[in-house]
Amino acid sequence: MIVALIIACEVGFWVLLAAGLALRYLAKMPRLGAAVLLCEPLMELVLLVVTTVDLKNGAEPDWKHGLAALYIGYTVAYGHYTVKWLDGHAAYRLAGGPKPAGAGYGKERARHEWKLWVRTVVAAAVALALLQAAVWYVGDAGDVSSLKAWQFGALRVVGIHALVAAAYTIWPKEAPAGAEKDRSSLTASERR
């Protein structure tokens, strides 16, 4: 049931996102669109409650509970960022807004990658906290090795993402010919 709920939360995230943006830009109902977008965190809350109830009812902690914790951590750290990014693109495509700037090149791209890495650290911290709470909750009553393995996996993701960000710092991505000229015409706020 937990896996089905995780899948439903992911599908629900994209459905609510599409509905919210459609209401906002196609139906010209920005307040209703924003209200729909604000419903997204409720799905993660439902997932957290169901996972907790599942453990409370004596379910053996396994990979499903670990996956739920990582999914919640990811949506806490990247959910708003994803909505904002897609909202900028929807405003550009559907409402004639300014073209969203990309991640950039060189030092700007490296800075962007390190900001994403901080989000990954936040996601891992949330997941680690939820997993540790589950370990304490289960206590000696069950095998928590799966939950501890997910904790190690979350730390591994942080390390791998740090290597990616470091690679962009050490070997900066070069701008293709003409691309820097296009970006230089944007104001500083448009580049973010």
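## Confidence in the model

The chain has an average pLDDT of 89, and 93% of its residues score at least 70; pLDDT is the predictor's confidence in each residue, on a scale from 0 to 100. This is a predicted model, in which local features need pLDDT of at least 70 and side-chain atom pairs count only at pLDDT 80 or more, while totals for chains, interfaces and linings use all residues. Residues are numbered from 1 along each chain as its sequence is written, and side-chain values use heavy atoms, leaving out hydrogens and water.

Helices here are DSSP runs of H or I with at least four residues, strands are runs of E with at least two, and both are numbered from the N terminus.

## The nonpolar cores

Let's look inside. A nonpolar core is a set of buried Ala, Val, Leu, Ile, Met, Phe, Trp, Tyr and Cys residues joined through side-chain atoms within 4.5 Å. Buried means under 20% relative accessible area, exposed over 50%, and partly exposed in between, using a 1.4 Å probe and protein chains only.

The largest core has 18 residues, and I6, C9, F13, L17, L47 and Y71 touch the most other members. Helices α1 (2-26), α3 (40-56) and α4 (63-95) each give two or more residues to this core, with the largest share, eight residues, coming from α1. Another core, of eight residues, lies apart from it and includes L131, V135, V144 and L147.

## F13 and T82

Contact means heavy atoms within 4.5 Å. Beyond its neighbours within four places in sequence, F13 is in contact with E40, M43, Y71, G79, T82 and V83.

T82 sits in helix α4 and counts as buried, because its relative accessibility is 16%. Not counting residues up to four places away in sequence, T82 touches F13 and W14.

## How α3 meets α4

The axes of α3 and α4 are 10 Å apart, and the two helices pack at an angle of about 170°. They are therefore roughly antiparallel to each other. On the α3 side, the contact residues include L47 and L48, and on the α4 side they include Y71 and I72.

## A residue on the outside

K115 belongs to helix α5 (residues 106-138). Its relative accessibility is 55%, so K115 counts as exposed. K115 and G178 are 63 residues apart in sequence, and their C-alpha atoms are 26 Å apart in space.

How values were computed: Axes are lines fitted to C-alpha atoms, for helices over the stretch in contact, and angles run from 0 to 180 degrees between N-to-C directions. Angles under 35 degrees count as roughly parallel, over 145 as roughly antiparallel, 65 to 115 as roughly perpendicular and the rest as oblique.
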